[in-house]
Amino acid sequence: MLEIRTAGDPVLKAVCAPVQKIDKRLRKLLDEMAETMYATDGVGIAAPQVGVSIRAVVVDVDKKTRYDMINPVIVEREGSAIDVEGCLSCPDLFGDVERAAKVRVEYISRFGKKKTLDAEGLLARCIQHEIDHLDGRLFIDIAKNITKGKPQRAKE
Ligand code: CO
C-alpha cells in the first residue's frame, strides 16, 4: 500500500503533468493506487494523492468496475447535483459539493486506447472529484457545510 498524502502537502496543490508514456511502470503505479484505494475503502484515487504529479486516476464506485483513466478530460457536463463527499487526503472531513449531474469524459486506458465514458450519479461525482485533484483542487476548497466526522444525513 502506498502512503496517502494529506491536505497541506504541496503535491496536492500542484497542477499535474500529462502522462507522456504508457508503460509497465505506469500500470504498476495504477495497480498500487487501486490497491491503496480498496484498502482504505475509497471509491477513487488520483496520482498526486500518492505523491506522483501526473494526470492519472483510478475510480471504482461499485467494487466491480474499475476505471484507470490517463489524461482524463471532461468534454461535456449536464445538470447539477449536491451531495456529501469525503477524501482520503482529508481524513474525517465531509462536506456538500455541487457537481455536474452527468459528464462525458475522454481518457486513455492503461493500454493506450482512447476511451469515452458517459457517467452519472456517484461515478460522475467521483470522476469530477478525482480530476479536480489533477488540477490541485481539493473538495474542501469548494465544499459547503464541512463537518468533522460523517454528517447524519450522509448516505454512506
Ligand atoms: Co479526493
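1. Basis of the note. Residues are numbered from 1 along each chain as its sequence is written, and side-chain values use heavy atoms, with hydrogens and water left out. Because this is a predicted model, local features need pLDDT of at least 70 and side-chain atom pairs count only at pLDDT 80 or more, while totals for chains, interfaces and linings use all residues.

2. His129 counts as buried at 7% relative accessibility, and His133 is buried at 1%, where buried means under 20% relative accessible area, exposed over 50% and partly exposed in between, with a 1.4 Å probe and protein chains only.

3. The largest nonpolar core. A nonpolar core is a set of buried Ala, Val, Leu, Ile, Met, Phe, Trp, Tyr and Cys residues joined through side-chain atoms within 4.5 Å. The largest one has 19 residues, of which Met69, Val105, Leu117, Leu123 and Ile127 touch the most other members. Strands E2, E3, E6 and E7 and helix H2 (121-134) each supply at least two residues of this core, and H2 gives the most, with six. Apart from this core lies another, of 14 residues, among them Leu26, Leu30, Met37 and Ile70.

4. An open sheet. Three strands form an open sheet in the order E4-E5-E8, with antiparallel pairing; two strands pair if DSSP finds at least two bridges between them. Strands E4 (81-85) and E8 (144-148) are the edges, each pairing on one side only. Five bridges join E4 to E5 (residues 93-99), and Glu85 stands opposite Gly95 in E5.

5. A loop residue. Ser109 has its place in the loop between E6 and E7, and is buried, with a relative accessible area of 10%. Not counting residues up to four places away in sequence, Ser109 touches Ile22, Asp68, Ile70 and Lys115, contact meaning heavy atoms within 4.5 Å.

Conventions: Helices (H or I, at least four residues) and strands (E, at least two) are DSSP runs, numbered from the N terminus.
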